[in-house]
Amino acid sequence: MMDFNLTQQVRKKQKRSSKLLGRIMVVFAVILVFFGIIFNRGFFFPAFLFAFLYYIFGYGSDSAYEYNFENEQFSIDVIKGKRRRKTAHVLYYKNLEVVAPPDHESVAKYKKKTGTEKIRKFDYTSYEDGVPYYTMIIKQNDEKIKLLLDLNQETLHFLKVRYPMKVFTQ
């Protein structure tokens with residue numbers, strides 16, 4: 001068996017309301033700094049508080065996911081604020097059950113309202129319009145989990161070649 005390593009990074013789309021809230025915090029911080037300069041130094045504390053909240057909010061709302069396909073394992077890392085990386089899952093291909101689009105019949109029994117099996121779901125998609133996502137059912141610690149992933153064509157081709165009976169692209 002040959003060694004391989006395939007990495008794909010997916011950046012989560014920021015919500016419109018998050019962008020608006022960030023801009024509002026910056027505007028309030030600037031206005032309060034001006035009030036502190038012109039009227040009273042007591043306005044500086046709320047201005048710095050808004051700046052600090054903007055920093056914390058930016059850290060929490062900016063996230064990306066990195067899928068790493070290695071020899072016998074698949075891992076997902078969550079990257080918060082472009083700085084902090086945390087490994088969310090380390091899974092093994094031998095436990096793979098199915099990879100398919102969400103409307104495919106092979107994952108129909110795992111759908112939220114109409115499915116017969118209830119399993120935990122983890123969403124690692126970008127929420128970008130026009131980017132198809134795929135459902136992966138795999139075992140982790142003797143428990144089936146459902147992963148929603150944005151897989152590109154190269155990754156899908158790799159999985160299809162390696163596991164032709166478990167990967168469905170249409």
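Strands and helices here are DSSP runs, numbered from the N terminus: a strand is E with at least two residues, and a helix is H or I with at least four. Strand 6 and strand 8 run parallel to each other and are joined by five bridges; two strands count as paired if DSSP finds at least two bridges between them.

On to the pairing with strand 7: seven bridges link strand 7 and strand 8, this time in the antiparallel sense. Gln-140 has Glu-143 as its bridge partner in strand 8. The hairpin made by strand 7 and strand 8 has two residues between the strands, and Asn-141 there adopts a positive phi near 55°.

Is strand 8 largely enclosed or open? Five of its seven residues are buried, so strand 8 is largely enclosed by the rest of the structure. Buried means under 20% relative accessible area, exposed means over 50%, and partly exposed lies in between, using a 1.4 Å probe and protein chains only.

Now to an open sheet of four strands, in the order 1-2-3-4 and with antiparallel pairing. Strand 1 and strand 4 (84-92) are the edge strands, each pairing on one side only. On average, neighbouring strands in this sheet are turned by 15° against each other, direction ignored.

Within the sheet, strand 3 and strand 4 run antiparallel and are joined by eight bridges. Asp-77 stands opposite Thr-87 in strand 4. Helix 3 packs on the sheet and touches strand 1 and strand 2, and its direction makes about 140° with that of strand 1. Contact means heavy atoms within 4.5 Å; axes are lines fitted to C-alpha atoms, for helices over the stretch in contact, with angles from 0 to 180 degrees between N-to-C directions.

## Salt bridges across the chain

Side chains of opposite charge can pair when their charged atoms come close. How many salt bridges does a search of the whole structure find? The search finds nine, a salt bridge being a side-chain nitrogen of Lys or Arg within 4 Å of a carboxyl oxygen of Asp or Glu.

One of them brings Lys-13 and Asp-129 together, at 4.0 Å from N to O. Lys-13 sits in the loop between strand 1 (6-11) and helix 1 (16-38), and Asp-129 in the loop between strand 6 (120-124) and strand 7 (134-140), so this pair ties together parts that are 116 residues apart in sequence. Lys-13 is partly exposed at 37% relative accessibility, whereas Asp-129 is exposed at 66%.

Another salt bridge links Glu-72 and Arg-162, with their closest N and O atoms 3.1 Å apart. Because Glu-72 belongs to the loop between strand 2 (63-69) and strand 3 (73-80) and Arg-162 to helix 3 (residues 153-162), the pair ties together parts 90 residues apart in sequence.

Lys-144 is in strand 8 (residues 143-149) and Glu-117 in the loop between strand 5 (96-100) and strand 6, so the pair ties together parts 27 residues apart in sequence. Salt bridges with shared partners join Glu-97, Lys-109, Glu-117 and Lys-144 into one network.

## Reading the numbers

Residues are numbered from 1 along each chain as its sequence is written, and side-chain values use heavy atoms, with hydrogens and water left out. Since the model is predicted, local features need pLDDT of at least 70 and side-chain atom pairs count only at pLDDT 80 or more, while totals for chains, interfaces and linings use all residues.
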